[in-house]
Amino acid sequence: MSPSEYEKAIRIIDDAHAQDPNIVRLDGEDVAYELYYSNKMSGYLDKCNPTASEILRLAIRAQHLRRWEIPRNAYAMNKSGYHLWRTYLKKRQGEIAAQICLDSGYSSEDASRVAGLIRKENLKQDADAQTLEDVACLVFLDDQFEAFKQEHDEAKIVNILRKTWRKMSDKGHEMALNIPMSDRARELVVKALDDV
C-alpha cells in the first residue's frame, strides 16, 4: 500500500525539521530542535482539537519549517526588525509548506489553505487559524517560557504574556492556566492577567 498524501507530506516536513542543526536532548537522545518543536505542536493540537483536519495538522506541523535558516539576527535587533523577520518567515514557511503539499499530491486549493494557516490569515475569524495560534502560544508557555523569563526583565515578560493572552481563544486560556509551571512563572502570568 502506498503512503497517503498526508503521510508523504508529514515525512517530507519531518525530514526538513530533522536537518535543523540546533539540537535538544530528549530522553537521552539528541533531537533536532524543529522536529522536537513540531511534535510538541502536534501534541497540543491533539489536546485542543483531536478531530482536526489533515490541512490543519499539516499547517501545525510546518509552522516553523526551516526557520533556523533565517536567524533572528539577520534582521535589526529591534521591534521593527522582529516584525519584519516574523512576517518574512510566515510567508516563506507557508510557501515551502504549500510546495510540499503539492509535491505530495494535494490540490492547489489545499496547499494554499495550509500556507494561509501558517501565515495566520483571518486569525480571529478562522477557527483553524485561531487553533494554530492557540497551539503556538501553549507550546511557548509550556516549553519556552521558563527560559524566556530568565533572559528578559519583568516588564518585558509581563508585556509579552499580555500580548500572548490577547491572541488566544477562551479554550486556549483555559488550557494555558492548566500548564504546570514554576511558582515564579505562575506569578508572572497572574501579574500579566491582572490588566488583561
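Is R66 buried or exposed? Select R66: with a relative accessibility of 18%, R66 counts as buried (buried is under 20% relative accessible area, exposed over 50%, partly exposed in between, with a 1.4 Å probe and protein chains only).

This is a predicted model, in which local features need pLDDT of at least 70 and side-chain atom pairs count only at pLDDT 80 or more, while totals for chains, interfaces and linings use all residues. Residues are numbered from 1 along each chain as its sequence is written, and side-chain values use heavy atoms, with hydrogens and water left out.

**Two loops**

Stay on R66, in the loop between α3 (54–62) and α4 (helices are DSSP runs of H or I, at least four residues, numbered from the N terminus). Its phi is near 55 degrees, a positive value in a residue other than glycine. Most residues other than glycine have a negative phi. Next, select N122 in the loop between α5 and α6 (127–151). N122 is not a glycine either, and has a positive phi of about 55 degrees. At 52% relative accessibility, N122 counts as exposed.

**Helix α2**

Select residues 33–48, helix α2, and show Y33 and Y37, which lie 4 residues apart, about one turn of the helix. Both Y33 and Y37 are buried. Their rings form a tilted aromatic pair, 6.2 Å centre to centre with 35 degrees between the planes. Rings of Phe, Tyr and Trp (its six-membered ring) pair if their centres lie within 6.5 Å; planes under 30 degrees apart count as stacked, over 60 as edge-to-face and the rest as tilted. The count by this rule is 4 aromatic pairs.

Now show Y44 and K47. The charged end of K47 sits over the ring of Y44, 4.5 Å from the ring centre (NZ of Lys or CZ of Arg within 6 Å of the centre and within 35 degrees of the ring normal).

**Cysteines**

Select C48 and C137. C48 is buried, with a relative accessible area of 9%, and C137 is buried at 4%. The sulfur of C137 has its closest cysteine sulfur in C48, 10 Å away, too far for a bond. A disulfide is a pair of cysteine sulfur atoms within 2.5 Å, and a search of the whole structure finds 0 disulfides.

**Helices α4 and α5**

Finish with residues 79–103 (α4) and 108–118 (α5), whose axes come within 8 Å and cross at roughly 155 degrees. Axes are lines fitted to C-alpha atoms, for helices over the stretch in contact, and angles run from 0 to 180 degrees between N-to-C directions. α4 and α5 are therefore roughly antiparallel to each other (over 145 degrees; under 35 is roughly parallel, 65 to 115 roughly perpendicular and the rest oblique).
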